[in-house]
Each structure stands twice: as structure tokens, then as C-alpha cells.
Amino acid sequence: MLGIAQPLAQAAESHPQFNVKASKEHGIETGSELTITVRGEALQDMFGYELVMEYDRERLVFLRAASLQTPGYRVTPQEKNGEIVFAFTKVGASTAAISGAADLASFTFRASGEGEAYVSLVKAKAVKKDATALEYAPLARVELDISASTLPEPVISFPDVPEEHWAKEAIDRAVTLGIVKGYADGTFKPQKPVTRAEFVTMLVRALQPRNPLISDKAAFTDEAEIGEWARAEVGLAVGNGWINGFSDGSFRPGRQITRSEMTTIAARALGLAVTGEERSESGMESFSDWSRVPAWAKPAFAAAVEKGLIQGRGGNRLAPEEPTNRAESIVLILRLLDYSAGVQAGQ
């Protein structure tokens with residue numbers, strides 16, 4: 001449905017148009033996914049944008065959002081009480097701005113209840129390269145008709161994650177939340193080592209920082225090696241101070257992440273990382289390999305153990321330089337998610 005973008009009080013006289021289009025409006029069954037695409041018309045030198053969507057929470061579950069513009073960074077979408085805030089900015093001085101007509105973003109939902117539902121674009125902010133911005137109030141809305149599904153409820157089942165697997169409950173929960181997926185062959189590969197890019201991506205998807213920041217730091221020397229699927233999350237993690245590059249300016253996205261790196265990133269994400277002088281390391285000597293933990297990782301390990309976020313491996317070892325596998329990383333990320341939720345609730 002087409003929506004004329006009515007400028008808000010502070011906007012100049014410029015009248016882009018926005019529309020929202022559903023991949024399917026009728027014959028939608030509960031349990032199925034549908035995508036809403038936001039398209040802009042008559043855009044003028046737009047370098048970034050923020051979109052505010054509203055949707056029917058009774059019949060739709062928001063899954064994810066993606067920018068349809070490249071190159072650039074998207075901010076992890078913020079969802080609260082049926083409102084989604086999504087932002088994207090291009091990067092690079094030589095990058096062309098968006099003018100004319102362009103698809104801007106897609107929003108994916110799962111149909112969860114029968115009846116008539118809706119998705120609306122209620123606000124759009126257009127940002128120019130000089131950071132000046134205009135805000136508009138579009139009248140763009142799509143109506144959906146959802147019917148009962150004729151298919152049985154899907155069951156999460158991976159042949160390599162049997163019922164007795166120590167991390168099965170966490171893996172099932174993480175898949176349901178959209179933090180991680182299985183592989184095309186139907187397996188999960190719980191013992192497969194996790195790369196630095198993979199861990200950061202899962203962590204950002206899970207925690208979704210309330211006040212996301214785009215990094216203003218220089219790009220990593222190996223920026224081109226960071227896959228498009230992880231680029232926004234890595235930029236977001238850098239901007240929030242969760243991760244740093246190496247001394248040579250690289251990020252090394254494909255390198256297996258060690259338990260020291262994983263624990264340090266996790267502690268920073270929760271605001272637990274402090275210097276060794278500020279946090280007691282008393283009792284950590286009980287771990288047989290505490291002396292092998294790098295000095296830069298000791299405060300994070302001490303904080304994570306104190307909060308019950310990590311446990312040692314067999315032989316009462318922290319295994320600081322050993323790689324982290326998919327099962328371990330998922331268990332830690334869910335503990336971080338639950339800890340963060342408890343803090344926000346004042347528990």
C-alpha cells in the first residue's frame with residue numbers, strides 16, 4: 001500500500017513516498033513466514049535511514065529485519081510492544097547516496113494467530129551524508145488474512161543432538177529464538193569450533209543492545225574477509241566496546257575463537273569486565289590451569305565464574321586457549337541472555 005510521507009513539523013518541504021508490500025496477503029497459514037518490504041520513492045541523497053514499524057502482536061511474531069541496501073551497517077532491530085525500530089547507514093566517503101526509487105528493508109514475521117492482521121510503517125527518518133535528517137510520518141499499511149495451518153507443528157530434531165545431549169535444551173531454545181540455525185544436511189554439529197565472526201553474530205542476535213551504536217573506528221585491515229551475514233553485527237559489537245581487533249589492525253573473522261576470547265567478549269557485553277585490581281580473583285587458583293590464563297582475560301574469567309556464567313571443563317580446567325564449540329557457545333550466550341534479563345528486571 002502506497003503512503004505519502006507527510007513531513008513532521010521540523011521537516012523541510014520534501015515529499016518522498018513510501019510503500020509496504022507483503023510477500024503474501026491472503027492464504028497465509030499460522031506457522032508460516034511472510035516478508036514485508038519497505039520501498040521508497042522520490043528519495044533525495046539519502047545516506048542512511050531509520051524506519052519505525054508497527055504490527056499486530058496478537059497474530060504475528062517478529063523474526064528479523066534486513067537492509068536491502070549495500071554497502072553499509074544495519075543496526076540490530078529493536079522491538080518492544082509491537083513497535084520495531086530499524087536503522088541502516090552507508091559507509092565510505094565515496095559511497096553513493098540513495099536517490100530516486102529503492103527497496104530499503106525487509107521485515108520477516110511468523111503468522112501465529114488466525115484472523116486479520118496488519119503491518120504499518122509509521123515513521124521514516126532520512127539521513128544525509130552530512131548527518132542532517134528529515135523525519136516523515138508515512139501512511140503505509142498492509143492488511144493480512146491469516147488462516148489456521150493444515151500442517152503439524154514442526155519439531156526441532158537434530159540427529160547429532162540426541163535427547164540425552166547435555167546441551168540439547170539450550171540448542172533447541174537458541175534455534176527457536178533465531179540465534180542460531182542447523183546446517184543444510186539437517187545436523188547441528190555441536191562439537192564444531194566457532195569462529196570469531198560466528199560468536200559475535202550469535203551474541204548480538206541474542207542480547208540486542210538497547211542503545212546500539214555504529215562503530216566510528218577505522219575498518220579492520222581484513223574487513224573484506226568479514227562475510228556480509230556478520231558485518232553489521234561485528235560493527236555493532238565494536239561500536240559498543242564488546243570487541244577489539246588485533247595489534248596489526250585485523251579482526252580475523254574466520255579464526256576459531258578461544259575460551260579466553262569468548263569469555264572476555266561476554267563479560268564486556270554485560271559490563272562485567274574490569275581490571276584485575278578492581279575485581280578479586282580469590283578462589284580462581286582452584287582451577288588447575290589458572291596460571292595459564294592470559295593476564296588480559298583473568299578479570300573476565302573471574303567475573304564470569306562469580307556470576308555462574310561459565311564452568312570449567314574436565315579436570316577442573318578453564319582451558320583458556322582451547323577453541324569453543326557450538327554447544328558451549330550457545331549455553332554461555334543463553335546464560336548471558338537470562339542474566340541480562342534478570343538485571344533489567346531488578347532481580
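Is Ala-131 buried or exposed?

1. **Model and confidence.** This is a predicted model. The protein chain has an average pLDDT of 84. At least 70 is reached by 87% of the residues. Residues 1–13 are another matter: pLDDT stays under 50 there. The model still gives this stretch 40 contacts beyond four places in sequence. Where pLDDT is low, predicted coordinates should not be read in detail.

2. **Overall make-up.** The protein chain holds 6 helices and 13 strands. Of its 347 residues, 46% are buried. Take the contacts between residues at least 6 apart in sequence: 74% of them join residues at least 24 apart.

3. **α2 against α4.** Helix α2 covers residues 196–207 and packs with α4 at about 25 degrees. Their axes are 11 Å apart. Angles under 35 degrees count as roughly parallel, so α2 is roughly parallel to α4. The crossing is right-handed. From α2, the contact uses Arg-196, Phe-199, Val-200, Leu-203 and Leu-207. From α4 come Glu-261, Met-262, Ile-265 and Ala-269. Sorted by class, this contact has 7 nonpolar residues, 2 charged residues and no polar ones.

4. **α2 against α3.** Helix α3 spans residues 228–239. The axes of α2 and α3 come within 9 Å and cross at roughly 70 degrees. The two helices are therefore roughly perpendicular to each other. On the α2 side, the residues are Ala-197, Glu-198, Val-200, Thr-201 and Val-204. They meet Trp-229, Ala-230, Glu-233, Val-234, Leu-236 and Ala-237 in α3.

5. **α4 against α5.** Helix α4 is residues 259–269, and helix α5 is residues 298–306. Their axes come within 8 Å, with a crossing angle of roughly 70 degrees. That angle is why α4 and α5 are described as roughly perpendicular. The crossing is left-handed. In α4, the contact residues are Arg-259, Ser-260, Thr-263, Thr-264 and Ala-267. In α5, they are Ala-300, Phe-301 and Ala-304. By class, this contact counts 4 nonpolar, 3 polar and 1 charged.

6. **Helix α1 and its end.** Helix α1 runs over residues 168–177. Which of its residues are buried? Lys-168, Ala-170, Ile-171, Asp-172 and Ala-174 are.

7. **Positive phi outside glycine.** Ala-131 lies in the loop between β11 (115–127) and β12 (133–137). Its phi is near 75 degrees, a positive value in a residue other than glycine. To settle the opening question: Ala-131 is exposed, because its relative accessible area is 59% and the cut-off for exposed is over 50%. Lys-189 is another non-glycine residue with a positive phi, here about 60 degrees. Lys-189 is in the loop between α1 and α2. Its relative accessibility is 29%, so Lys-189 counts as partly exposed.

8. **Leu-51 in β6.** Strand β6 is residues 48–55, and Leu-51 is part of it. Leu-51 is buried, at 1% relative accessible area. What does Leu-51 touch, not counting residues up to four places away in sequence? The list is Val-38, Ile-84, Val-85, Phe-86, Ala-105, Phe-107, Leu-121, Lys-123 and Ala-124. Phe-88 lies 37 residues away along the chain, and its C-alpha atom is 8.9 Å from that of Leu-51.

9. **Thr-108 in β10.** Thr-108 belongs to strand β10, residues 98–111. With a relative accessible area of 8%, Thr-108 is buried. Leaving out residues up to four places away in sequence, Thr-108 touches Glu-33, Leu-34, Thr-35, Val-61, Phe-62, Leu-63 and Arg-64. The C-alpha atoms of Thr-108 and Ser-23 are separated by 9.6 Å. Along the chain, these two residues are 85 residues apart.

Terms used:
Residues are numbered from 1 along each chain as its sequence is written. This is a predicted model: local features need pLDDT of at least 70, side-chain atom pairs count only at pLDDT 80 or more; totals for chains, interfaces and linings use all residues. Side-chain values use heavy atoms; hydrogens and water are left out. pLDDT is the predictor's confidence in each residue, from 0 to 100. Contact means heavy atoms within 4.5 Å. Axes are lines fitted to C-alpha atoms, for helices over the stretch in contact, and angles run from 0 to 180 degrees between N-to-C directions. Helices (H or I, at least four residues) and strands (E, at least two) are DSSP runs, numbered from the N terminus. Angles under 35 degrees count as roughly parallel, over 145 as roughly antiparallel, 65 to 115 as roughly perpendicular and the rest as oblique. A crossing is left-handed if the near helix is turned anticlockwise from the far one by less than a right angle, and right-handed if clockwise. Ala, Val, Leu, Ile, Met, Phe, Trp, Tyr, Cys and Pro count as nonpolar, Asp, Glu, Lys and Arg as charged, and the others, Gly among them, as polar. Buried means under 20% relative accessible area, exposed over 50%, partly exposed in between (1.4 Å probe, protein chains only).
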